[in-house]
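Please examine the sequence and the structure, and then read the points below.

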Amino acid sequence: MARRAAIEIDAVVLRRPGRPVGVERVRLDPPRADEVLVRVAAAGVCRSDLHLVDGQLGEGRWPMVLGHEGAGVVEAVGEHVDGLSAGDHVAFCFVPSCGACRPCRSGRPTLCETAARNSAAGMLMDGTSRLRARDGMLLQHGLMVACFAEYVVVPAGGAVRVPPSIPLWEAALLGCGVVTGIGAVNRAGVRVGDSVCVVGCGGVGLQVIAGARLAGATTIVAVDRTVEKLELARRRGATDAVIAAERDVVEEVRAIADGGVDHAFEVVGSAVTIRQAWDVLRPGGTATVVGVTPKGVDVVLPAIDFLSERTITGSYYGSTDVRVALDQIVQLVVSGRLELGEVVSDLIGLDDVEAALERLRSGEGARSVIVIDEGLARARRAVEP
Ligand code: CND
Ligand code: ZN
């Protein structure tokens, strides 16, 4: 049964771009039909949160409770919710597909039109919000999740059960970085023996590398601006590393990969790196853009290159049925073939989100995970020295 009363919770609110984000007491209404109330254990800070905070994804996306990557424990379910009950451990899914629109019916649930429309408006699947500031102002749900908060109300399709054996501070990474990264590798069709280049080895790029390793790629060239990320990249399966400082990245990658790679992944979000992902391809190769660029950015490609039958495409949220993908990924985790925690550089509290966003801006550290409930997350926040 749904809880009847609204609750007051701590949540990280983006009031407007250009201003630091901060924790506020906000009101969360109970779940309606087809929704669930989840107590949040932990949440990852992704560069997409930073894009929202910096106002790069368009006007009108504030005030908003931030956060789209996280995990927790179901507290209560609304009417008509099947398959989830109080006490279940769940990871959040930020595209709960409607099942009825054309992309959903044609097997492309991450392109769900209902989810895209409501997510851009900061609303849940029925077009309304359960969140209000203390002054009564309506707050948007960040990417339909809003998990930089003690509790969330999400559509039932936005909470995917995970086994309690996976600590929730690690499970928090599943619903964005892991599904996005590994899904992009599947979408690209990386095969045993292929060569791969990953431009950008942060929270998501490191998952692309893990996916490429699992797919059997034999050459995996990691490109990043920082040595720290390249070391992590090697730990996750990169065979070669190229530092993206001043030197000609394209030439170096092509030299390592015997003239060019079969697959390149752009996981930064800029025109320059998208162009690099194109330029490192061998004839017939495919570039997959995972990074989100600010609205209004164009990419220029030499049209003569199309004669070499190269392909460029994008991958949104792993281009997959996220529930099915998460089941498969959980098997990899449980069997010890995919490590989750090693990409986490900082365990922080809700108060530290602005500092984590600043680390993303400067390229310092890898994933920061907000430990919201230490007991549930099975992790402790690091105490500042
Ligand atoms: P994060 O900031 O952790 O990683 C980006 C990495 O790129 C960092 O390690 C940087 O050092 C590195 N970098 C920056 N500039 C360059 C450069 N010129 N050359 C090489 N490396 C560079 O970000 P993240 O991993 O959280 O997210 C990466 C992108 O993926 C970002 O744009 C985010 O919005 C996007 C994304 C997309 C999707 C999707 O569904 N397609 C889902 N989540 C995130
Ligand atoms: Zn994300």
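The second largest pocket has a volume of about 210 Å³. The structure is a predicted model, in which local features need pLDDT of at least 70 and side-chain atom pairs count only at pLDDT 80 or more, while totals for chains, interfaces and linings use all residues. Residues are numbered from 1 along each chain as its sequence is written, chains are lettered from A and ligands numbered from 1 in the order in which they are written, and side-chain values use heavy atoms, with hydrogens and water left out.

**The second largest pocket**

- A pocket is an open set of points on a 1 Å grid over the protein atoms alone, where a 1.4 Å probe fits, with protein on both sides within 12 Å along at least five of seven lines; lining residues have an atom within 4 Å of a point.
- The volume is the space filled by probe spheres set on the points, which are joined across faces, edges and corners.
- Of the 16 lining residues, Ile-182, Asn-186, Gln-328, Ile-329 and Leu-332 are the closest to the centre of this pocket.
- Helices H5, H6 (205-215) and H10 each supply at least two residues of the lining, and H5 gives the most, with 6 residues.
- Helices (H or I, at least four residues) and strands (E, at least two) are DSSP runs, numbered from the N terminus.

- Cys-46, in the loop between strand E3 (35-45) and helix H1 (47-53), and Cys-176, in helix H5 (residues 174-188), are 130 residues apart.
- Cys-46 is buried, with a relative accessible area of 3%, and Cys-176 is buried at 4%; buried means under 20% relative accessible area, exposed over 50%, and partly exposed in between (1.4 Å probe, protein chains only).

**Aromatic pairs**

- Rings of Phe, Tyr and Trp (its six-membered ring) pair if their centres lie within 6.5 Å; planes under 30 degrees apart count as stacked, over 60 as edge-to-face and the rest as tilted.
- The count by this rule is 4 aromatic pairs.
- The rings of Phe-94 and Tyr-317 are stacked, because their centres are 3.8 Å apart and their planes lie at 15 degrees.
- Both Phe-94 and Tyr-317 are buried.
- Tyr-316 and Tyr-317 form a tilted pair, 6.5 Å centre to centre with 55 degrees between the planes.
- Tyr-316 is partly exposed, at 41% relative accessibility.
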